[in-house]
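Work through the exercises below with the sequence and the model side by side. Each task is followed by a solution that goes step by step.

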Amino acid sequence: MAGSLTGSGGGGGGNRWRDLDRLLTRPGNIVGPTFDPSPELRSELQQYVRVLVVGAGGLGCELLKDLALSGFVNLEVIDMDRIEVSNLNRQFLFRLQDVGKPKAEVAAKRVMERVKGVNIVPHFCRIEDKDLDFYNKFNIIALGLDSVEARSYINAVACTFLEYNSEDKPDEDSMKPIVDGGTEGFKGHARVIMPGVTPCFECTIWLFPPQVKFPLCTLAETPRTAAHCIEYAHLIKWDEVHGGKPFDADDPEHMQWVYSEAAKRAELFGIPGVTYSFTQGVVKNIIPAIASTNAIISAACTLEALKIASGCSKTMTNYLTYNGLEGLHTKVTEFVRDKDCLVCGPGTLLELDPSTTLQKFIELVGDHPKLQLSKASVTHRGKNLYMQAPPVLEEMTRSNLNLPLYELMDKVPKDVVHVAGTVNKDDKKTSALRKLRVVFKGIDGVTDMDTANGA
Ligand SMILES: [Zn+2]
């Protein structure tokens, strides 16, 4: 090992992959079940594995750099944003002269300049602009996002590729693994989503607490923190004084007014910590992004991607939290799947004759022993096939009732249908939403195996 560091820099000398090769060429006790250590593994990784990075912001920049330096060669990145001055403190691939340019394009270019041999294709667009075929060509999707909605969207996309066999077992070849990172100030998480095996994003959506809203009585009567004083000025005092004039968070005069009112209140109750920038933070719900948190979370995500791609170690099970606020704390928690998850769960298999009308289908759903959903409304790929309510939608979709479901589903031989209705539980009617895997008998593309064990 002595003296072997020469040539290990970005130039791509002989020892550049020394650490990676150590992981890929040695057997071990905690490797994945199919791991086959060999010197060829690295070139296979580079040849066959394609990774999509979603987001080219604070986390996305780190992810691209880390993946490139970990031996991944075929990368693509998608981001709809342009570079802003305020990004430059942490989104380290960007320079002042890049302000206004698409993040994805600049990030791809910078990493390719620095890491020899890597190929990064940028996509300057919304994630919704790409079709399923685009997402399907990747082996792993790495998320560097800051919104629940975007994560939920990608999760749903990845889960649409998941197939279940007739015993409701997920088909491994159809799994599209997601590695999801997220940071908020000094806190962060990294998680591995193996659709059908580990909880998907939707299974654990309850992890995201609703946005912090203080009870109005606390704000009005017993403020205890600087944020309480600020929200009092923002939510209560502003209306009292300005009567109907809407508060504009982007108007510095409005912000200054809230700040000075909050400061007065804080003094009255002896509460420290009200500053102008903290007032902005509370009112606009800004959480500062911290470069080191992004770096740590990205490293964890990249390592998981490498484990998934090579099998050189088992992946984490399945959710890592990091907290660097006071000291440092990390922990991996095993979250469990929601068996009834509408996104990653198998749903109920229902075999139908292609001539089955939507009306008949709704009756079947009502009589089905596992479902017993009455007054069902039916949607397919976001399209309302039949809606029980409101009356205007009922009227619009009523004519579908006499049409064969197969035709309403654009003649897809098998697909997922969502059904909303009511179930009787302990003599009480409760609303329920169910996922159904509908398979049409005798249509090309459906094998005997698919239908042999059907319901
Ligand atoms: Zn799920």
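This is a predicted model: local features need pLDDT of at least 70, side-chain atom pairs count only at pLDDT 80 or more; totals for chains, interfaces and linings use all residues.

Residues are numbered from 1 along each chain as its sequence is written, and side-chain values use heavy atoms, with hydrogens and water left out.

**Exercise 1.** Find the order of the strands in the open sheet of eight strands, and name its edges.

Solution. Take strands as DSSP runs of E with at least two residues, numbered from the N terminus, and count two as paired if DSSP finds at least two bridges between them. The order is then β3-β2-β1-β4-β5-β6-β7-β8, with mixed pairing. At the edges lie β3 (119–123) and β8 (329–333), each of which pairs on one side only.

**Exercise 2.** Describe how β4 and β5 are joined.

Solution. Strand β4 (residues 140–144) runs parallel to β5 (residues 178–184), and four bridges join them. Within this pairing, Ile141 has Ile178 in β5 as its bridge partner.

**Exercise 3.** Locate the largest nonpolar core and follow the contacts of Leu75.

Solution. A nonpolar core is a set of buried (under 20% relative accessible area, 1.4 Å probe, protein chains only) Ala, Val, Leu, Ile, Met, Phe, Trp, Tyr and Cys residues joined through side-chain atoms within 4.5 Å. The largest has 47 residues, and Leu75 is among those touching the most other members. Leaving aside neighbours within four places in sequence, Leu75 is in contact (heavy atoms within 4.5 Å) with residues including Val51, Leu64 and Ile120. Apart from this core lies another, of 25 residues, among them Leu373 and Ile443.

Key: Buried means under 20% relative accessible area, exposed over 50%, partly exposed in between (1.4 Å probe, protein chains only).
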